[in-house]
Structure formats: structure tokens, C-alpha cells
Amino acid sequence: MEEYENKAPEERVILIGVSVTETDDTAQSLEELEELAKTAGAVTVGKVIQNREQIHPGTYIGKGKIEEVQQLAYEVQADAVICDDELSPAQLRNLQQELDMKVMDRTLLILDIFAARASTSEGKIQVELAQLKYRQARLVGLRDSLSRLGGGIGTRGPGEKKLEMDRRLIKNRIAQLNRELAEVKRHREVTRSKRSRQSAPVAAIVGYTNAGKSTLLNKMTGAQVLEEDKLFATLDPTTRVLELDSGQEMLLTDTVGFIRKLPHHLIEAFRSTLEEAKYADVILHVVDASNPQAEQQMLVVYETLANLGIRDKTVITLFNKQDKVHEEDFLRDRKADKTLSISARTGGGLEELKRVLEETLNEKNVLIERLYSYQDAGLIQLIRKKGQLLEEEYRPEGIYVRAYVPMEIYGAVSP
């Protein structure tokens with residue numbers, strides 16, 4: 001008896017973008033959209049770019065291009081089209097009617113990937129919330145085209161079963177999720193305040209999606225976070241302890257990757273996760289130095305940080321994937337306080353990074369020189385854990401200590 005692999009066929013998609021100015025990098029944006037589609041399990045069989053003065057308010061692209069897409073879809077046997085921008089409810093409905101096939105946009109594609117990637121309860125709540133807000137605005141259009149949707153991309157995840165709900169039920173569900181998210185956020189703030197009381201400094205790892213953030217966290221702390229050469233391989237934040245060479249401990253927190261045209265639903269839904277960077281002492285900005293679009297990706301990261309109100313932080317930019325860099329493309333980041341070239345995969349430059357982190361922390365610490373009585377020897381252990389012990393000498397009259405300590409424990413170690 002023959003065995004058949006029960007595997008869903010890949011959706012064949014055509015990507016559509018609109019370029020409204022000469023400076024638009026629509027071709028590169030479609031390349032990224034192709035990566036997103038691949039991550040979601042689709043194969044790209046065609047790309048169409050229209051140059052227009054503005055995006056068509058009714059159908060995203062003009063009538064001539066719609067006919068061109070129809071012809072191309074017939075030739076390449078496409079199942080669906082994906083537009084590179086977020087479509088309005090009217091654009092989605094009209095384009096679907098004109099093409100008589102499934103239409104998705106960049107936002108729905110990213111939401112679909114997030115639905116597949118979310119593993120923690122917080123991640124699942126955030127994804128469902130973003131899905132519902134997106135679908136709430138498009139409920140009429142989606143209801144008209146449910147028969148055309150079928151399975152596949154855009155129909156995964158906890159938000160799918162809500163599709164047939166009326167607006168009132170969706171509104172109630174959104175309210176419930178917001179309450180759940182507020183509770184999760186409260187727990188996160190409690191955890192954060194505990195960390196603050198323990199005075200362990202925090203470094204938040206930020207960067208464009210697939211820049212190598214999880215690989216860096218794993219290599220430096222022994223964390224076992226999923227690493228894949230895919231966009232949004234990890235979604236939920238992970239915090240691990242990093243012990244520096246001096247014995248001082250700090251916390252490294254991985255955050256969700258950024259991407260161009262990151263839908264506002266997602267920035268809002270993942271605000272509590274992304275705000276890990278807001279409360280960090282240091283921002284580690286990981287850049288894929290081997291990517292031709294590295295400079296544009298750095299710009300997206302800084303724009304997203306600004307949208308979250310994250311400013312005036314010490315930023316250390318890490319030009320990662322040096323093992324893949326062949327050309328002598330000299331990248332620089334004028335917004336960073338310090339820059340380093342590393343390879344998280346091979347471990348190159350990570351010892352230097354530890355040294356730079358130690359220096360950065362010490363810039364914020366206070367230098368103390370004290371003689372402790374032998375009864376106060378327990379304070380030295382606190383200094384060893386929370387600060388950097390430079391010199392320790394046992395004398396008849398007590399223990400002489402020279403060390404850097406953070407301001408949070410300065411009072412405690414000054415008897």
C-alpha cells in the first residue's frame with residue numbers, strides 16, 4: 001500500500017507594489033515581501049510594479065495594471081495576489097472583485113506569520129488582538145469574500161475562528177483581550193521592578209528581523225532560542241543572564257524584529273514587548289552587515305525606536321554576520337555611541353563586546369575605595385555580583401576594596 005504525504009500545496013502568489021516617487025525602493029520592498037511570503041509558506045510566481053503619482057484610492061493599482069495582473073495570473077496559474085501596502089477595506093473589496101481571486105496585503109501576511117510563530121500566552125494574545133483589529137475594519141469585505149478565502153495564508157491562528165463573528169462579538173473579544181494583556185503587562189512591570197531592585201543592568205537586543213539577534217543571545221548566554229534564516233523566526237521576548245569577565249552580571253533581552261512598513265496594529269499590540277528596550281540601560285542594535293539593504297534597515301530600526309519613545313539610551317551597534325561579508329563595504333552608524341564588527345554565528349568579536357559592555361556599565365558606576373571590617377564582608381559579595389571588583393586586599397584592620405558599583409547599591413555598600 002502506497003503512502004501519501006498529507007502536505008498542503010503551496011499557494012502561488014503574485015506580488016504587487018506601487019512606486020509613487022523616483023526615490024521609492026519598491027523593488028527591494030517586493031524582495032522582502034517575497035521573503036515574507038516564503039516564510040508564510042507561499043511561492044512567488046510573479047511581481048508587478050506600477051509607477052503612479054499616487055496609490056489608486058479605489059483599487060490600489062490602475063485598471064490597465066489590473067488587466068495585466070489578470071493575464072499574468074492566468075499564465076502562471078496564481079492562486080492569490082499580495083499587495084506591498086496595507087489596503088483599505090474598499091481597496092481590498094474592489095481589487096478582489098476585479099481580479100476574482102484572493103487578495104492579501106503586507107499586514108495580513110505579517111499577521112499570519114506572527115500567528116504561526118507565537119508560542120507564549122502573551123504572544124498569542126497580542127497576535128489575536130492585532131488580527132481582530134485588522135479584520136474588524138474589513139469585516140464587510142471579508143464577509144463578502146469568505147467563499148474565496150479558502151485555507152492557506154491569512155487564515156491561520158487564534159483570530160481565524162472569529163472571522164464570522166459580527167462586530168459586537170469582535171468588539172467584546174477585543175475588550176477581553178485588552179484586559180488579559182493589561183494583566184500580562186502588570187506582571188511584566190512587577191518582574192521589571194524586581195530586576196530594578198536587584199539592580200541588574202539590562203541590555204535590550206534590537207534590530208531588523210533576521211539580523212541575528214537570537215543567535216547573539218544564544219551564543220553569549222547559552223539560551224536555547226529558535227534560530228532560523230527566516231523573517232520573524234522568534235516572536236516572544238527572552239531574557240537571560242550574562243556573566244561578564246569581572247563576575248558582574250547583566251540581563252540580555254531579545255525583542256521582536258523590526259521590518260519596514262511595520263503595521264501600526266502590530267506596533268500597538270506588541271508595545272509592551274517592545275518596551276523592554278525602553279527600560280534597558282543599553283541598546284544592542286544588531287545589523288546584518290551582509291545585507292545590501294543594511295543602511296535602510298538601520299533607518300527603520302531607529303524610526304521604530306523613536307515611535308516607541310525610546311531616546312537618550314546608550315546604543316552599541318553590532319555589524320553582525322562578518323563571516324558573510326565579502327566586499328569591503330564600510331558601514332557606519334553615526335547615531336550609535338559605539339560600533340563593533342561581530343559574527344554571532346562563529347563567536348567573532350563577542351569577547352570584545354563583553355569588554356565594551358563592561359566599560360559602558362562602569363561609565364555609569366561610581367568608583368569606591370573603602371576599608372571594610374571583617375563583620376561587613378558580606379557587602380563585598382554584593383559588590384562582586386552587582387559591580388566590578390578592581391582590588392581586594394586583606395589587612396589586619398579589615399578588607400581594603402577598590403571597585404565600581406552602580407548608584408542603586410552605593411548606599412547599601414557604604415556603611
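Trainee: In this predicted model, which residue in E4 is the bridge partner of Val81?

Mentor: The model is predicted rather than determined by experiment, and in it strands E3 and E4 pair in the parallel sense over four bridges. Val81 belongs to E3, where Val81 and Cys83 point one way while Ala80 and Ile82 point the other, and all of these are buried. Across the pairing, the residue of E4 that partners Val81 is Val103.

Trainee: What is the order of the strands in the open sheet, and which of them are the edge strands?

Mentor: The open sheet has four strands with parallel pairing, in the order E2-E1-E3-E4. Pairing on one side only marks the edge strands, which are E2 and E4. Neighbouring strands in this sheet are turned against each other by an average of 25°, direction ignored. The order asked for is therefore E2-E1-E3-E4, with edges E2 and E4.

Trainee: Which residue of E3 stands opposite Leu15, and which strands does helix H2 touch where it packs on the sheet?

Mentor: E1 and E3 run parallel and are joined by four bridges, and the residue of E3 opposite Leu15 is Ile82. Helix H2, residues 63–76, packs on this sheet with a direction at about 160° to that of E2, and the strands it touches are E1, E2 and E3.

Trainee: Is Asp100, with its positive phi, buried or exposed?

Mentor: Most residues other than glycine have a negative phi. Asp100 has a positive value, near 55°, and it is found in the loop between helix H3 and strand E4. Its relative accessible area is 55%, and over 50% counts as exposed, so Asp100 is exposed.

Trainee: Lys321 also has a positive phi; is Lys321 buried or exposed?

Mentor: Lys321 is found in the loop between strand E9 (314–320) and strand E10 (338–341), and its phi is near 60°. With a relative accessibility of 12%, where under 20% is the cut-off, Lys321 counts as buried.

Trainee: How far apart in space are Ile342 and Asp323?

Mentor: Ile342 is placed in the loop between E10 and helix H13 (350–363), and it is buried, with a relative accessible area of 1%. Beyond its neighbours within four places in sequence, Ile342 is in contact with several residues, among them Leu216, Lys321 and Gln322. Ile342 and Asp323 are 19 residues apart in sequence, while their C-alpha to C-alpha distance in space is 8.5 Å.

Notes. Residues are numbered from 1 along each chain as its sequence is written. This is a predicted model: local features need pLDDT of at least 70, side-chain atom pairs count only at pLDDT 80 or more; totals for chains, interfaces and linings use all residues. Side-chain values use heavy atoms; hydrogens and water are left out. Helices (H or I, at least four residues) and strands (E, at least two) are DSSP runs, numbered from the N terminus. Buried means under 20% relative accessible area, exposed over 50%, partly exposed in between (1.4 Å probe, protein chains only). Two strands pair if DSSP finds at least two bridges between them. Axes are lines fitted to C-alpha atoms, for helices over the stretch in contact, and angles run from 0 to 180 degrees between N-to-C directions. Contact means heavy atoms within 4.5 Å.
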